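Let's take a walk through this model, starting with how its strands pair up and ending at a pocket.

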Amino acid sequence: MAKKINIGLFGFGCVGQGLYHVLNNSKGFKANIVKIAVKNKEKQRPFESSVFTFDKQEILDNPEIDLIVELIDDADEAFKIVSYALSKGKHVVTANKKWWPHTCKNFMIFNTSIMFLYCMKLRVAEVFLSSEH
């Protein structure tokens, strides 16, 4: 039996909500969103409040979370989240397209995985990273 992937999600806008919906309605794929970090405490949420957190460390320092999915609109904060997650040995998926071309080399020090959600740019990243070896 395949291991269920435990996900810590940063951001719950259109993309984050879509991911949540897909993961909870897909058959044959085993994933669980453990916690969702959001910044606006006042905003109404469509799910029970126990799944949400306003403290990023609650996700980043949780040993049960295997994968961090970063979908926020603050590039500087996204960089901090991704860097910290990678330093903790977590796998990361990010949709951030502002900083990745400038920082790919920085992430090569971590012995883990990072995936960029932009396919065209992912190919460029693969070429960029493979040329460094």
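L9 has I36 as its bridge partner in β2. Strands here are DSSP runs of E with at least two residues, helices are runs of H or I with at least four, and both are numbered from the N terminus; two strands pair if DSSP finds at least two bridges between them. Strand β1 (residues 5–10) is mostly covered, with five of its six residues buried, meaning under 20% relative accessible area with a 1.4 Å probe and protein chains only.

A word on the numbers: this is a predicted model, where local features need pLDDT of at least 70, side-chain atom pairs count only at pLDDT 80 or more, and totals for chains, interfaces and linings use all residues. Residues are numbered from 1 along each chain as its sequence is written, and side-chain values use heavy atoms, leaving out hydrogens and water.

Now look at E70, which sits in strand β4 (residues 67–70). Is E70 buried or exposed? It's buried, at a relative accessible area of 0%. Its side chain reaches the backbone nitrogen of I72 at 2.9 Å. Beyond its neighbours within four places in sequence, E70 is in contact (heavy atoms within 4.5 Å) with F10, A78, V82, V93, T94, A95 and N96.

Finally, the largest pocket. α1 (14–25) and α3 (75–87) each supply at least two residues of its lining.

Conventions: Buried < 20%, exposed > 50% of the residue type's maximum accessible area, 1.4 Å probe, protein only. Polar contact = N/O pair within 3.5 Å; in protein donor to acceptor, adjacent residues only side chain to side chain.
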